[in-house]
Each structure stands twice: as C-alpha cells, then as structure tokens.
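Let's take a walk through a protein model, piece by piece.

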Amino acid sequence: MLTDPIADMLTRIRNAVAITATSVDVPASNFKRALAELLVREGYLKGVDGVGEGVERILRIRLKYGPKRTPVIHSIQRTSKPGRRAYAKAKGVPVVRGGLGMAVISTSQGLKADRDARRMNIGGEVICEVW
C-alpha cells in the first residue's frame, strides 16, 4: 500500500528520466491521468496512454527529450505531502525558477498550471514543481 501515490508517480518519472527511458508505467487513477495530461499540454511529456482494464489499469507515460537526448524535465518535486499540505492563495501562487518552470495547482476547477491559476485569480493546493 502506498501512502502517497502522486509522489510515487513523480519518483517513477524522475528515475526514468535519469536513465533516459522512452516511457514509464504508473498505476492509473483519474488524478494521475489529469496530472500527466497537464504535463503533456505544458510540453514536459510527450504523451500518456491508458493500458489495461479494471483494477490492473496503468498509465504509460512517454517521456520527452531534446536534442542529444537531453531531458526536458530537469527536476520534478512534490511540494504538498500527506503529512504537510501546501496551499497557496490566488496572490501567493509560486513562481518556479523565475517563470522558467511550472507549479501544478489543484484548484476547485481542476489541475492548473501556475500561470493559469494566477490569470484566473484562483488558489489551491500546490501539488508539485517542474523545471
């Protein structure tokens, strides 16, 4: 049993990027799919596919690399943890690496990138930071 399945997903992505794997498999959930699709829209991942049926569903996350196989994701870190949740008000949404990175915010309107949350003037739980 996993205490923090989101941290497990981010760790799997981090480890796969470290060995320049083309894809990584993660146990599926709706939240993980939404997170992966947000990272695809923002250009950090190549794609995400659902594989399998029922309880044995997995997400196959295709990783993205630049020229000479340099990873697009340099770092991906969990910010809000089960033992210590991190929330941000609309005016306090973090700016990652001076705008070069991205924070993922769980809002009442779904998962949003930090700049979208700022533009829409909504806050929420800061899930992770990617750069």
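E6 is linked to E7 by a hairpin of two residues. These names come from DSSP: a helix (H) is a run of H or I with at least four residues, a strand (E) is a run of at least two, and both are numbered from the N terminus. Before going on, a word on what you're looking at: this is a predicted model, where local features need pLDDT of at least 70, side-chain atom pairs count only at pLDDT 80 or more, and totals for chains, interfaces and linings use all residues. Residues are numbered from 1 along each chain as its sequence is written, and side-chain values use heavy atoms, with hydrogens and water left out.

**Around the hairpin**

E7 covers residues 110-113, and it pairs with E6 in the antiparallel sense over four bridges. Two strands count as paired if DSSP finds at least two bridges between them. In general, strands of a sheet pair through backbone hydrogen bonds, either parallel or antiparallel. In this pair, Ile-105 sits opposite Lys-112 of E7.

E6 has another partner too: five bridges tie E6 to E8 (residues 124-130), again antiparallel. Here Val-104 faces Cys-128 in E8.

Is E6 mostly covered or open? E6 spans residues 102-107, and five of its six residues are buried, so mostly covered. "Buried" means under 20% relative accessible area, "exposed" means over 50%, and "partly exposed" is in between (1.4 Å probe, protein chains only).

Next comes Asp-114, which belongs to helix H3 (residues 114-120). Asp-114 has 3% relative accessibility, so it counts as buried. Leaving out residues up to four places away in sequence, Asp-114 touches Val-93, Pro-94, Val-95, Val-96, Gly-101, Met-102, Ala-103 and Ile-105. A contact here means heavy atoms within 4.5 Å.

**The three-stranded sheet**

Now move to an open sheet of three strands, ordered E1-E3-E2 and paired antiparallel. Its edge strands are E1 (23-27) and E2 (45-51), each pairing on one side only. On average, neighbouring strands in this sheet are turned by 20° against each other, direction ignored. Axes are lines fitted to C-alpha atoms (for helices, over the stretch in contact), and angles run from 0 to 180 degrees between N-to-C directions.

E2 pairs with E3 (residues 58-63) in the antiparallel sense over six bridges. Leu-45 has Leu-63 as its bridge partner in E3. Helix H2 (residues 30-41) packs on the sheet and touches E1, E2 and E3, with its direction making about 150° with that of E2. Helix H1 (residues 5-18) lies across E1 and E3, running at about 165° to E1.

Which residues does Met-9 contact, leaving aside its neighbours within four places in sequence? They are Val-26, Lys-32, Leu-35, Ala-36 and Ile-61. Met-9 has its place in H1, and at 0% relative accessibility it counts as buried. Met-9 and Val-24 are 15 residues apart along the chain, and their C-alpha atoms are separated by 9.3 Å.

**A charge over a ring**

Arg-69 lies over the face of Tyr-65, at 4.4 Å from the ring centre. For this to count, NZ of Lys or CZ of Arg must be within 6 Å of the ring centre and within 35 degrees of the ring normal.

**The whole chain**

Time to zoom out. The protein chain has three helices and eight strands, and along the sequence they follow the pattern α-β-α-β-β-β-β-β-β-α-β. Its radius of gyration is 15 Å, close to the 14 Å that the globule rule gives for 131 residues, so the chain is as compact as a globular protein of that length. The radius is taken over C-alpha atoms, and the rule is 2.2 Å times the number of residues to the power 0.38.

The C-alpha atoms fill a box of roughly 40 × 40 × 25 Å along the principal axes. Buried residues make up 40% of the 131 residues. Finally, of the contacts with a separation of 6 or more, 60% are between residues 24 or more positions apart.
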